[in-house]
Amino acid sequence: NLPSKVKLVDVGPRDGLQNEKSPVPAAVKIELVHRLQSAGLSEIEVTSFVSPKWVPQMADNAEVMAGIKRKTGVRYSVLTPNMQGLEAALLSKPDEIVVFAAASEAFSQRNINCSIAESIQRFALVVQAARDKGIYVRGAMSCTVGCPYEGEIAPERVAMLASMMKDIGVQHVGIADTIGVGTPIKVQRAIEATLKHYAIDDVSGHFHDTYGQALGNTLAALQLGVWQFDTSVAGLGGCPFAKGATGNVASEDVVYMLHGLGIETGIDLEKLVDAGQFISDFLGRKPNSRAATALLNK
Ligand code: HMG
Ligand code: MG
């Protein structure tokens with residue numbers, strides 16, 4: 001008994017593009033968001049309000065947010081690592097903010113330059129300030145099955161991080177396989193650990209596809225009742241602080257699988273493929289999606 005409906009958050013404009021070496025103009029990012037919303041995405045992770053020294057590609061965050069013609073019913077989310085990021089983000093009126101912590105100590109240091117405990121202290125202020133303004137807060141939990149520096153991550157550490165997120169008022173958590181090393185049973189263990197602290201309606205899966213496991217991991221998550229996933233159009237992406245990690249699972253591949261399972265997404269696959277083709281053309285490469293490739297060669 002799989003869920004009958006699934007919500008996808010396309011994180012392509014943020015997770016997908018953050019690792020691109022050459023600057024992608026704001027106008028291209030805005031057009032990508034427009035194409036994703038016209039394909040039926042109900043939430044788009046647009047950008048991040050992080051330090052431009054750390055992630056230069058996201059330096060145009062405010063310009064991108066200001067340029068989007070918002071569509072009713074669509075939610076626009078942004079990453080905020082600290083109060084400075086939140087204050088800048090608030091001017092752009094996001095529907096949702098995302099704080100991000102790791103289940104791995106070493107990854108926390110490399111990604112946000114502080115320990116897990118320090119990051120939680122810092123986020124506590126961010127979460128409080130956002131919620132005071134009525135903004136929904138999501139937490140991304142990185143490295144929930146494996147870490148590029150520490151190797152395998154035990155489910156107990158995921159449970160620990162989820163409980164810290166809960167304590168500071170994070171309303172929803174994303175269970176991320178940052179480097180795409182997870183396999184279905186390991187991913188299920190990370191989800192079960194999270195479910196000790198969060199209800200099934202308040203968790204999502206965020207799977208990178210480095211080892212080609214992300215669709216299998218998505219199905220494994222669906223079998224536990226998870227119905228919300230982050231995916232990236234054209235399989236764009238990778239994290240600058242996770243060497244060798246590739247993009248998120250391609251949105252097109254997930255939509256193809258879900259529709260094949262009879263699960264509703266509200267997404268028009270053809271238009272989604274078109275959005276992926278648009279950004280891939282700009283980047284000068286083929287979409288990193290098997291479903292898109294098959295449909296484009298039909
Ligand atoms: P820091 O250097 O420790 O921060 O960085 P600081 O407070 O000491 O500030 C240093 C400088 O950065 C100062 O500027 C600040 O103004 C500036 P200076 O005085 O030197 O000119 N600064 C900022 N500027 C703009 N916006 C801000 C901001 N904060 C400080 N918000 C910090 C700490 C967290 C800021 C830094 O490490 C950072 O920005 N990291 C970026 C991390 C990132 O974006 N990672 C990728 C996203 S996470 C991800 O991809 C995983 C996910 O997809 C889930 C998964 O797959 O696992 C979500
Ligand atoms: Mg990610």
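**Helix pair, barrel and ligand shell**

Helices H10 and H11 are roughly antiparallel to each other, because an angle over 145 degrees counts as such. In this predicted model, local features need pLDDT of at least 70, side-chain atom pairs count only at pLDDT 80 or more, and totals for chains, interfaces and linings use all residues. Residues are numbered from 1 along each chain as its sequence is written, while chains are lettered from A and ligands numbered from 1 in the order in which they are written.

H10 covers residues 251–260 and H11 residues 269–283. Their angle is about 170°, and their axes lie 10 Å apart. Axes are lines fitted to C-alpha atoms, for helices over the stretch in contact; angles run from 0 to 180 degrees between N-to-C directions. Helices (at least four residues) and strands (at least two) are DSSP runs, numbered from the N terminus. Ser-251, Glu-252, Val-255, Tyr-256 and His-259 of H10 meet Leu-269, Leu-272, Val-273 and Gly-276 of H11. Contact means C-beta atoms, placed from the backbone, within 7 Å.

Next comes the sheet. Eight strands form a closed barrel, in the order E1-E2-E3-E4-E5-E8-E9-E10, with parallel pairing. Two strands pair if DSSP finds at least two bridges between them. Neighbouring strands are turned by 25° against each other on average, direction ignored. E8 (residues 172–177) and E9 (residues 203–207) pair over five bridges. Here Val-173 stands opposite Val-203.

H7 (residues 155–167) touches E4, E5 and E8, and its direction makes about 160° with that of E5. H9 (residues 214–223) touches E8, E9 and E10, at about 165° to the direction of E9.

Now the ligand. Ligand 1 has 26 residues around it; Val-50, Gly-85, Ser-142, Ala-176 and Thr-178 come nearest. A residue is near if its C-beta atom, placed from the backbone, lies within 6 Å. H4 (83–90), H5 (105–112) and E5 (136–142) each supply at least two residues of this shell. H4 gives the most, with three.

Finally, the annotation. UniProt lists residues 6–273 as "domain: Pyruvate carboxyltransferase", in an unreviewed entry. Such annotations may be inferred rather than shown by experiment. The span is 40% helix and 18% strand, and its end C-alpha atoms lie 18 Å apart.

How values were computed: Angles under 35 degrees count as roughly parallel, over 145 as roughly antiparallel, 65 to 115 as roughly perpendicular and the rest as oblique. Two residues are in contact if their C-beta atoms, placed from the backbone, lie within 7 Å.
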